[in-house]
Amino acid sequence: MDPKVDRTALHSGIVHLGIGAFMRAHLAVATEAAIEASGDARWGISGVSLRSPDTRDALVPQGCRYTLAIRDADEQGRPRQRLQQIGCVREVLVAPEDPRAVLERIAHEDTRIVSLTVTEKGYCHDPATGKLRLDHPDIAHDLQHADAPKSAIGFIVRGLALRRMRGMSAITLMSLDNLPSNGQTLQAAVLAFARETDAELAAWIEANCTFPCSMVDRIVPRTTDEDRASIEQALGHHDAWPVVAEPFFDWAVEDRFAAGRPDWTKGGARFVDDAAPWERLKLRMVNGAHSTIAYLGAVAGWRTVDEAIAQPAMRQFIEALMREEIEPTLPALPGLDLAAYRAQLLQRFANPALAHRLQQIAMDGSQKLPQRLLGTVRDRLAAGAPITRLALGIAGWLHYLRGVDERGEAYAIDDPLAQALSQTLRAADGSGDDEHRAHILSSFTAVFGDLAGDPRLARALAPHLRSLRESGVTTTAHALAR
Ligand code: CS2
């Protein structure tokens with residue numbers, strides 16, 4: 001079962017920063033389909049790990065090929081999987097080991113697109129405003145050490161500087177992260193960094209490079225040892241670095257490419273004029289619901305998304321949250337039936353073959369909440385509409401941050417702002433009154449932005465904080481289940 005794409009014949013048209021599981025089950029799959037359909041050898045991928053060598057160490061010995069296991073359940077509810085071999089990754093570079101090699105790859109004549117999946121915190125921005133933080137340790141470092149950057153933004157700006165210096169063409173910078181207007185967020189960060197170092201470079205980037213926005217959607221849990229063992233058994237040989245995904249795939253990307261692009265429609269992508277309404281739909285429905293399930297479910301002591309959504313109170317609450325409070329904030333989209341989208345989403349969450357861990361989704365909440373829940377809250381408040389269910393998702397996060405579930409099991413909080421959040425939590429615990437506690441918690445400006453201190457938010461949070469503490473997740477969700 002060899003991949004149809006022969007990696008040795010490929011050139012690296014795409015340099016991808018952050019070669020994690022998501023990218024290998026999304027961009028790489030669409031690129032594989034595009035190369036297969038056209039035979040165009042320009043679109044091989046150079047993957048870059050910004051931190052750990054593990055992907056390179058596992059993939060390179062197997063010729064960078066790997067297996068994608070697409071998992072769901074059949075009509076009887078029995079798990080099933082379909083295996084596909086992916087061969088379009090040409091090489092994997094490990095940035096901390098050799099930053100120069102990454103810069104040279106960006107400044108290579110074959111390179112036409114630099115794409116990124118570096119997660120929300122990889123943009124080193126203020127989560128509430130989206131602005132690049134010049135005081136972020138990695139950004140501060142990269143401004144001082146142009147030849148050995150650490151951050152994605154540092155690599156991009158320095159790589160583009162080399163291209164410009166050498167008289168090379170401009171390229172496309174494409175974010176595939178779950179951020180609103182991800183292309184614009186990336187562009188703003190790149191330009192802000194470039195302006196700090198070289199105003200002419202910033203002007204060149206602005207005039208010549210493009211930053212298409214896109215909405216990406218596919219559930220890709222972190223691969224476990226158990227997944228590796230079962231895939232090896234099904235394959236009949238060892239694959240050190242397979243990925244697991246759901247069958248569902250979506251990608252709406254703006255067709256603004258400075259130096260060409262593969263025909264990703266062959267792999268299920270859609271080219272759109274404006275990705276913003278699709279991003280809003282996806283971030284609010286898929287990710288807003290996902291984070292709400294993750295915090296409440298982890299507090300309840302459940303382990304995976306399918307386990308949480310199998311609880312009747314949770315399923316009904318999540319359905320009501322989408323129908324009553326999220327959907328009314330969404331723009332109408334051609335060909336989109338929101339009720340069908342919601343039903344399909346609940347089915348995706350119920351996929352029993354993914355074992356998508358709640359704690360994986362729960363990480364980095366400070367970076368995720370603004371675009372997943374708080375934008376919806378703002379729109380609802382502006383319309384004078386209730387935010388009761390949305391507030392339970394936020395209260396779930398605040399309650400989750402205490403680090404102990406209802407069964408008394410402790411867990412670690414994995415969040416770049418964990419320390420500051422735990423100080424706020426301690427300050428709030430000193431207050432006996434739930435409304436006052438809610439006020440202190442929701443005054444955390446880096447996350448809540450202009451909602452910080454808004455009495456309407458604190459008033460919505462207070463009863464949920466009390467109910468989660470006194471009655472628990474199931475009872476609290478049940479009360480809001482319709
Ligand atoms: C998840 C997403 O981990 C998370 O925060 O909500 O990775 C989610 O699975 C994808 O965005 C689905 O497209």
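Me: Hi! How do the axes of H10 and H15 cross, and at what angle?
Reply: Hi! In this predicted model, the axes of H10 and helix H15 (residues 365-382) come within 9 Å and cross at roughly 115 degrees.

Me: Is that crossing left-handed or right-handed?
Reply: The crossing of H10 and H15 is left-handed.

Me: Which residues make the contact?
Reply: From H10 they include Arg280, Leu283, Arg284 and Asn287. From H15 they include Leu369, Gln371, Arg372 and Asp379.

Me: And what classes of residue are in there?
Reply: The contact of H10 with H15 has four nonpolar, eight polar and four charged residues.

Me: OK, sheets now. Which strands sit in the sheet with E8?
Reply: That open sheet has three strands in the order E8-E10-E11, and the pairing is mixed. Strand E8 (214-217) and strand E11 (270-272) are the edge strands, each pairing on one side only. On average, neighbouring strands here are turned by 20 degrees against each other, direction ignored.

Me: How many bridges link E10 and E11?
Reply: Three bridges, with strand E10 (residues 250-254) and E11 pairing in the parallel sense. In that pairing, Glu254 stands opposite Val272 in E11.

Me: What does H10 touch in that sheet?
Reply: Helix H10 (residues 276-300) packs on the sheet and touches E8, E10 and E11. The direction of H10 makes about 35 degrees with that of E8.

Me: What about the sheet with E1? What's the strand order?
Reply: The order is E5-E2-E1-E6-E7, five strands in an open sheet with parallel pairing. Strand E5 (89-94) and strand E7 (172-175) have a single partner strand each, so one side of each is left without a neighbour in the sheet. The twist averages 20 degrees from one strand to the next.

Me: What holds paired strands together in general?
Reply: Strands of a sheet pair through backbone hydrogen bonds, either parallel or antiparallel.

Me: How many bridges join E1 to E2?
Reply: Five bridges join strand E1 (residues 12-17) to strand E2 (residues 44-49). As one example of who faces whom, His16 stands opposite Gly47 in E2.

Me: Which strands does H6 touch?
Reply: Helix H6 (residues 152-165) packs on the sheet and touches E1, strand E6 (113-116) and E7. The direction of H6 makes about 175 degrees with that of E6. Helix H7 (residues 182-197) packs on the sheet too, touching E6 and E7, and its direction makes about 120 degrees with that of E7.

Me: Why would residues a few places apart point the same way?
Reply: An α-helix has 3.6 residues a turn, so residues three or four places apart point the same way.

Me: Last one! Where is Thr119, and what is its phi?
Reply: Thr119 is in the loop between E6 and helix H5 (137-144). Its phi is near 65 degrees, a positive value in a residue other than glycine. Most residues other than glycine have a negative phi. Thr119 is partly exposed, with a relative accessible area of 36%.

Note on methods:
Residues numbered from 1 in each chain as written. Predicted model: local features only at pLDDT ≥ 70, side-chain atom pairs only at ≥ 80, totals over all residues. Heavy atoms only, no water. Pairing = 2+ DSSP bridges. Helix = DSSP H or I, 4+ residues; strand = E, 2+ residues; numbered from the N terminus. Axes fitted to C-alpha atoms, helices over the stretch in contact; angles between N-to-C directions. Contact = heavy atoms within 4.5 Å. Buried < 20%, exposed > 50% of the residue type's maximum accessible area, 1.4 Å probe, protein only. Left-handed = near helix turned anticlockwise from the far one by under 90°. Nonpolar A, V, L, I, M, F, W, Y, C, P; charged D, E, K, R; others polar.
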